[in-house]
Amino acid sequence: MEKAKPWRVLAIESSCDESAAAVLDEHRGLLAHRLFTQIALHRRYGGVVPELASRDHVRRLLPLVRGVLHESQSGPRELRGVAYTAGPGLAGALLTGAALARSLAYAWGVPAVGVHHLEGHLLATRLEAEPPPFPHVALLVSGGHTLLAEVLAVGRYRVLGETRDDAAGEAFDKTAKLLGLPYPGGPELARLADEGHAGALKFPRPMLDRPGLEFSFSGLKTAVLHAVRDRTLSEASRRDVACAVQEAIVETLVAKALRALEATGLEVLVVCGGVAANRLLRERLAREVHARGGRVHYPRLELCTDNAAMIAVAGLARLRAGEQDDLGIRARAQWPLESLRPIEP
Amino acid sequence: MTSPRLPNRMAGSHPRILALDTATEACSAAVLTRERTVSRYLELDRGHSEHILGMVDAVLAEAGLGLGDLDAVAFGRGPGAFTGARLAASVAQGLAFGAGLPVVAISDLRALAQRALDDAPAVLSVIVCADARMQEVYWACYRRDPRGLAEPYEDGEHVGAPQSVEPPEGLVRPAQGLGRGFLSYPQLGERLAGRLDAIRGDWLPRAEEIARLAAADLAAGHSVSPEEAVPIYLRNEVARPARGGTD
């Protein structure tokens with residue numbers, strides 16, 4: 001009898017300002033992944049312009065798809081499905097990827113499945129040589145999301161806490177903007193902070209004094225606005241402000257992550273999303289989590305930020321479990337993580 | 001897997017085309033072959049994405065064809081609703097790339113003009129004014145070519161206020177005003193009344209005229225790769241740059 005063809009999938013991501021494509025094989029792992037970031041396109045507007053993001057995706061996605069198919073030597077004969085980010089995110093941007101992916105799958109006669117963007121982030125560490133065991137606590141921190149979740153298995157997530165307003169990465173970017181740093185600013189703010197004096201200034205840590213695992217970062221932006229308003233800051237005081245901002249964000253994230261480990265009795269913490277690249281956050285978590293006998297896992301840096309490889313991981317798991325979309329092309333700007341169907345092993 | 005693709009011997013003079021359009025309230029798909037045209041057409045305020053691929057599947061099934069039997073995929077590339085024109089482009093890209101076919105991008109204004117020319121053989125030229133919202137219209141003028149196809153006048157497609165619509169000097173008569181711009185902005189028809197012989201404000205572009213125009217364009221070599229299948233928006237000022245990094 002002919003041996004069953006291995007599961008190999010194409011994945012497409014277009015939920016915000018990155019266009020990406022990837023090919024993942026269940027045995028051979030990640031065969032190719034490519035990404036185009038629109039940062040330069042949005043910089044002059046000081047933030048992502050949804051319509052411009054959509055206009056760019058429709059030009060970028062297919063060349064990226066062609067690239068990863070070529071690089072992985074994959075065609076309709078090798079591929080068994082197509083996964084795409086169906087939400088949450090910018091509706092128009094999501095729709096470009098969803099329409100391309102669904103139509104490609106139709107043309108190839110293979111199933112397609114819409115993937116939850118955050119499930120992708122939560123599963124990005126599955127691509128590492130030693131993925132973290134289940135269950136574990138995940139801290140997802142990016143420009144669009146701040147979330148603590150208990151990851152029980154692929155497809156089974158319990159949200160422990162979320163931000164009530166700005167995401168952590170958004171807090172980095174917005175305060176960077178107040179300091180006159182070019183968009184997106186967060187990483188640059190972190191660099192500036194490394195040269196500042198810790199303790200020269202102190203900003204509030206909202207929600208830290210209260211129990212629970214919810215976050216709030218919009219107050220921080222207001223505090224920074226008050227600190228810098230109507231003043232010409234010296235280079236040194238800009239560094240000190242940056243340092244204090246980073247301290248406030250990192251201390252909040254670390255404290256809540258530890259609280260989540262304590263509340264669940266788990267030892268393994270996974271940190272993902274763009275802010276997972278932050279050096280201070282990594283140092284503090286290493287120290288604090290190790291001190292409690294736990295350990296911290298991160299996806300490799302290029303898989304911390306938005307990418308299609310993580311969508312391929314979630315998509316492959318769901319396609320292999322028999323999930324597939326009908327011919328409707330759907331994007332969901334809002335999509336609760338806990339509404340996802342668990343995947344039977 | 002799929003059977004090897006049989007070349008369509010009628011390619012050139014009678015290509016087989018799949019066309020789709022979602023750029024306006026209309027959502028449509030059609031298959032054109034030498035023998036006939038099979039089509040589906042719906043008018044919807046929203047939800048084109050939910051229906052379009054099912055409509056493509058239905059017309060292919062009714063025509064008894066697979067994507068591999070076609071010569072090209074055509075789509076309405078706008079101008080129209082931004083999201084709608086992009087949806088059609090993305091679907092056309094996926095289908096064409098997946099099946100190894102070229103793409104023909106057809107103007108939605110021209111597709112609408114074609115509908116009028118096919119409907120009234122006496123009409124020789126058309127001013128198409130589609131409602132572009134925000135007190136503006138997308139507009140362009142077309143004349144009937146010797147094959148009966150809508151040929152654009154040299155000045156091309158425009159977006160602007162209804163009072164900016166200005167048909168070319170040599171517009172041949174009988175001329176028809178066409179498109180929902182005439183319904184939304186009645187002053188448009190009043191102003192152009194002396195230069196038009198009839199006005200038809202209810203029609204929207206359809207995939208079957210897109211397929212018909214695409215067959216001619218394909219024969220003339222006007223096809224693109226799937227990657228180049230992108231919408232035309234006309235309206236390009238969609239955001240204002242931020243003030244000096246503050247705000």
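Me: How many residue pairs are in polar contact between domain 1 of chain B and domain 2 of chain B?

Reply: In this predicted model, the count between domain 1 of chain B and domain 2 of chain B is 12 residue pairs in polar contact, where both residues have pLDDT of 80 or more. On the domain 1 side, the elements that give two or more residues are β3 (37-43) and α6 (207-219) of chain B, and the largest share, six residues, comes from α6(B). Sorted by class, that side of domain 1 has nine nonpolar, four polar and eight charged residues.

Me: Where in the chain do these two domains of chain B run?

Reply: Domain 1 of chain B covers 17-107 + 205-228, while domain 2 of chain B covers 108-200, and their C-alpha centres lie 23 Å apart. Where the domains meet, 21 residues of domain 1 are in contact with 17 residues of domain 2, and about 1,600 Å² is buried between them, with 49% of it on carbon and sulfur atoms.

Me: How many salt bridges does the rule find across the interface of these two domains of chain B?

Reply: A salt bridge is counted when a side-chain nitrogen of Lys or Arg is within 4 Å of a carboxyl oxygen of Asp or Glu. Across this domain interface of chain B the rule finds five salt bridges. As for a pair to look up in chain B, R133(B) and E25(B) meet through their side chains in a salt bridge at 3.8 Å, N to O.

Me: Is H121(A) buried or exposed?

Reply: The label follows from the relative accessible area, and buried means under 20%. H121(A) is buried because its relative accessible area is 1%. This residue is found in helix α4 (residues 117-123) of chain A, and its side chain makes a polar contact of 3.0 Å with that of D306(A). Leaving aside residues up to four places away in sequence, H121(A) touches several others, among them L140(A), C272(A) and M310(A).

Conventions
Residues are numbered from 1 along each chain as its sequence is written. Chains are lettered from A and ligands numbered from 1 in the order in which they are written. This is a predicted model: local features need pLDDT of at least 70, side-chain atom pairs count only at pLDDT 80 or more; totals for chains, interfaces and linings use all residues. Side-chain values use heavy atoms; hydrogens and water are left out. Helices (H or I, at least four residues) and strands (E, at least two) are DSSP runs, numbered from the N terminus. Buried means under 20% relative accessible area, exposed over 50%, partly exposed in between (1.4 Å probe, protein chains only). A polar contact is a pair of N or O atoms within 3.5 Å; within protein, one must be able to donate a hydrogen and the other to accept it, and residues adjacent in sequence count only if both atoms are side-chain atoms. Contact means heavy atoms within 4.5 Å. Domain bounds come from an automatic or database domain assignment. Buried area is the accessible area (1.4 Å probe) that two parts lose on being put together, summed over both. Ala, Val, Leu, Ile, Met, Phe, Trp, Tyr, Cys and Pro count as nonpolar, Asp, Glu, Lys and Arg as charged, and the others, Gly among them, as polar.
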